[in-house]
Amino acid sequence: FHDGAAEGLGGLLDNPNVGRVLDSESPFLQLPEVDDEILKRIRDTKMPAYFVIDVSFSMAFESRIDHANAFVRSTSEHLKQERVSDDVQCLIYWGEHRFIDLTDPRRFEVGEATDTGAALGVVGAEIRACNHDSPVFLALVTDGVPNCPGSHDGVEYDPVDYTVHMASLLPDNVIFTQ
């Protein structure tokens, strides 16, 4: 199981559309000092952001679902207070998936299964439909290994390979991190 997950995750990290964790060995960018013009350009640039949040059964352990709900609540508050002006979407997934209204105060409970591949397929289709001409930030928030197999173009995949395959099909303008 661990060997299979490691192979799948290794393939995911080798994908050029997938972000890598930054550390002192691999600094991100050497940026110029921030001035008023740069700050204005940053504020005026709207970046679409998608958060794909695992709400599967394992999220009940160690109150992980509470952290997911707190993140969504915080994001909602930032949007209401106009501290964030980007186009922010949130997809929750378990054995099913749905986009949630970030202005709705009700939050979610855990469900069955971890269908990460299907969730990435849904959000990829949404990004394509929106036809964004700028980079799109996509964050996958999960605590575990996918456990739902899937198929694409007539090929059956095990859960990890399905997730890796669906991640590889994300549009080229997606900046993907987990």
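Predicted model: local features only at pLDDT ≥ 70, side-chain atom pairs only at ≥ 80, totals over all residues.
Visitor: How many salt bridges does a search of the whole structure find?

Guide: The search finds 3 salt bridges.

Visitor: Where do Asp143 and Arg64 sit in the chain?

Guide: They come from distant parts of the chain, 79 residues apart: Asp143 is in the loop between strand S4 (136-141) and strand S5 (150-152), while Arg64 is in helix H3, which spans residues 64-80. Glu62, Arg64 and Asp143 are linked in a network of salt bridges.

Visitor: And what is the accessibility of Glu62, Arg64 and Asp143?

Guide: Glu62 is exposed, with a relative accessible area of 67%, whereas Arg64 is partly exposed at 25% and Asp143 is partly exposed at 27%.

Visitor: Changing topic, what do the axes of H4 and H5 do?

Guide: The axis of helix H4 (residues 116-130) and that of helix H5 (residues 159-168) come within 7 Å of each other and cross at roughly 15°. Angles under 35 degrees count as roughly parallel, and the two helices are therefore described as roughly parallel to each other. Their crossing is left-handed.

Visitor: Which residues meet there?

Guide: On the H4 side the contact involves Thr116, Gly117, Ala118, Leu120 and Gly121, and these meet Tyr162, Thr163, Met166 and Ala167 in H5. By type, the residues of this contact divide into 5 nonpolar and 4 polar, with no charged residue among them.

Visitor: What about Gly111, where is that one?

Guide: Gly111 is placed in the loop between strand S3 (97-100) and H4, and it counts as buried because its relative accessibility is 14%, below the 20% cut-off.

Visitor: Which residues does Gly111 touch, leaving out those up to four places away in sequence?

Guide: With those sequence neighbours not counted, Gly111 touches Val55, Ser56, Phe57 and Trp94. A further distance concerns Ser58, which is 53 residues away from Gly111 along the chain, while the C-alpha atoms of the two are separated by 8.9 Å.

Visitor: Zooming out, how many helices and strands are there in the chain?

Guide: The chain has 5 helices and 7 strands, and, read from the N terminus on, its elements follow the order α-α-β-α-β-β-α-β-β-β-α-β.

Visitor: What share of the residues is buried, and what share of the contacts joins residues 24 or more positions apart?

Guide: Of the 178 residues in the chain, 35% are buried. Among contacts with a separation of 6 or more, residues 24 or more positions apart account for 71%.

Methods:
Residues numbered from 1 in each chain as written. Heavy atoms only, no water. Axes fitted to C-alpha atoms, helices over the stretch in contact; angles between N-to-C directions. Helix = DSSP H or I, 4+ residues; strand = E, 2+ residues; numbered from the N terminus. Parallel < 35°, antiparallel > 145°, perpendicular 65-115°, else oblique. Left-handed = near helix turned anticlockwise from the far one by under 90°. Contact = heavy atoms within 4.5 Å. Nonpolar A, V, L, I, M, F, W, Y, C, P; charged D, E, K, R; others polar. Salt bridge = Lys/Arg side-chain N within 4 Å of Asp/Glu carboxyl O. Buried < 20%, exposed > 50% of the residue type's maximum accessible area, 1.4 Å probe, protein only.
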